[in-house]
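I opened this model to look up the ligand site, a few strands and some single residues. My entries follow in the order in which I made them.

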Amino acid sequence: MQIVSSNAAMQRLAKKWQRAGALIGLVPTMGFLHEGHLSLVREARKRAGKRGKVVVSIYVNPTQFAPTEDFSKYPRDLKRDLKLLRVEGVDTVFVPDDKEMYPDRRDVPARFSTYVTEEKLSQTMEGASRPAHFRGVTTVVAKLFNIVLPDVAVFGQKDFQQAAIIKRMVRDLNFPVRIIVAPTAREPDGLAMSSRNKYLEGDLRRQATVLWRAMRATKVAVKKIKLFSAAVLKRDVKKWIETEPDARLDYVEFFDPETLVPITEVSPGTHMALAVFVGKTRLIDNGRL
Ligand code: PAJ
């Protein structure tokens, strides 16, 4: 397994693979890998084929964090990540540093001043709660696509809105890459796997299952009653979440899974997403009702 940290070297390698006719599969991550990430790696291998090349990028992207968020304390463990990826038979791990990705950027961009912005799907939910977050995501993913030159890139349904925005960016800007969205990997008690679960100490880990419990309860209610007012469901979800002493609902939304447009009358097939602070840790989850 090769570890590459310069943009130029990664691009040269990708071009060499292209000339040899090998398909390239990319899994972009911020590291501190868990089973959810590894399931994307397996999907990338399936799509690229035995003779294809699988690249995993590990980069904690500063432009998608607000100054108040957890960028500097975001969990990192490169040695452990590399060990996990070696077991998966990954061909190349791309690990650029900030100087490589954003030359001279120190909040006020000096030499870095071009961003990619999706203007519709990124207005609601995570976009409303975390302004500038998706601009950072689309910018870094566009850069990764130009550096790794993938034929296929795999993203997780865990970040449903992110995947929808990346698909839109690829369509709108004609990136020659196919986007695959893989299902959310969960712990046995339903908690969606996330690098941020590391922050959940003591009873917070148990309380964190409230996102899953609230989604399941909503699904049962919608199945029974078929057409539900979103306003009523939102109120119920908030109550449900706040039965846990350290949980606070940031948002819950019901929306069309294609357009992400909020829906006022919820029925089976509607998509639900929510963000909840458990202690200081912000968790997200989503699913089809
Ligand atoms: P990160 O949070 O590390 O996630 C990397 C990829 O893993 C994303 O596509 C995410 O949706 C997926 N993922 C996370 N948890 C998952 C789970 N439980 N099951 C399945 N897939 C899961 O998302 C990012 O990094 C960044 O925004 C990135 C796209 C790398 C751009 O910086």
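**Ligand site**

I began with the ligand and found a backbone N or O atom of Ala185 lying 2.8 Å from one of the ligand's nitrogen atoms. I count a polar contact as a pair of N or O atoms within 3.5 Å; within protein, one must be able to donate a hydrogen and the other to accept it, and residues adjacent in sequence count only if both atoms are side-chain atoms. Taken alone, the ligand exposes 630 Å², and the protein buries 95% of that. I take accessible areas from the Shrake-Rupley method with a 1.4 Å probe; for residues, only the protein chains shown count as cover.

A note on the source: this is a predicted model, in which local features need pLDDT of at least 70 and side-chain atom pairs count only at pLDDT 80 or more, while totals for chains, interfaces and linings use all residues. Residues are numbered from 1 along each chain as its sequence is written, and side-chain values use heavy atoms, with hydrogens and water left out.

A polar backbone atom of Met30 is 2.9 Å from an oxygen atom of the ligand. For the side chain of His37, an N or O atom is 3.0 Å from an oxygen atom of the ligand. Two or more residues of the shell around the ligand come from each of β2 (24-29), α2 (35-48), α6 (133-148) and β5 (152-156). Helices (H or I, at least four residues) and strands (E, at least two) are DSSP runs, numbered from the N terminus.

Which element gives the largest share of the shell? It is α2, with 3 residues. In total 20 residues surround the ligand, and the closest are Gln64, Asp159, Gln162, Ala185 and Met193. I sorted the shell into 9 nonpolar, 9 polar and 2 charged residues. Here Ala, Val, Leu, Ile, Met, Phe, Trp, Tyr, Cys and Pro count as nonpolar, Asp, Glu, Lys and Arg as charged, and the others, Gly among them, as polar.

I looked up Val140 in helix α6. Val140 is buried, with a relative accessible area of 5%. Buried means under 20% relative accessible area, exposed over 50%, and partly exposed in between (1.4 Å probe, protein chains only). Val140 touches Tyr59, Asn61, Gln64, Met101 and Tyr102, leaving aside residues up to four places away in sequence. Contact means heavy atoms within 4.5 Å.

Leu149 is in the loop between α6 and β5. Its phi is near 50 degrees, a positive value in a residue other than glycine. Is Leu149 buried or exposed? At 19% relative accessibility, Leu149 counts as buried.

I set Asn174 beside this entry, with a phi near 55 degrees, also positive in a residue other than glycine. Asn174 sits in the loop between α7 (160-173) and β6 (178-182), and is exposed at a relative accessible area of 62%.

I found β10 (residues 271-278) joined to β11 by 8 bridges, the two running antiparallel. Two strands pair if DSSP finds at least two bridges between them. Phe277 has Arg282 in β11 as its bridge partner. The hairpin of β10 and β11 has 2 residues between the strands, and Gly279 there takes a positive phi near 65 degrees.

Why do I call β11 (residues 281-288) largely enclosed by the rest of the structure? Because 7 of its 8 residues are buried.

β8 is joined to β10 by 8 bridges as well, again antiparallel. Ala247 stands opposite Val278 in β10. Strand β8 (residues 247-255) is mostly covered, with 7 of its 9 residues buried.

**Other buried residues**

Ser57 belongs to strand β3 (residues 53-58) and counts as buried at 1% relative accessibility. Beyond four places in sequence, Ser57 touches Leu26, Val27, Pro28, Thr29, Phe94 and Leu144.

I placed Ala22 in the loop between α1 (7-19) and β2. Ala22 is buried, with a relative accessible area of 12%. Its C-alpha atom is separated by 9.5 Å from that of Lys50, 28 residues apart along the chain.

My last entry is Asn197, in the loop between β6 and α8 (203-207). Asn197 is buried at a relative accessible area of 13%, and its contacts beyond four places in sequence are Leu191, Ala192 and Leu283.

Key: A residue is near a molecule or strand if one of its heavy atoms lies within 4 Å of it.
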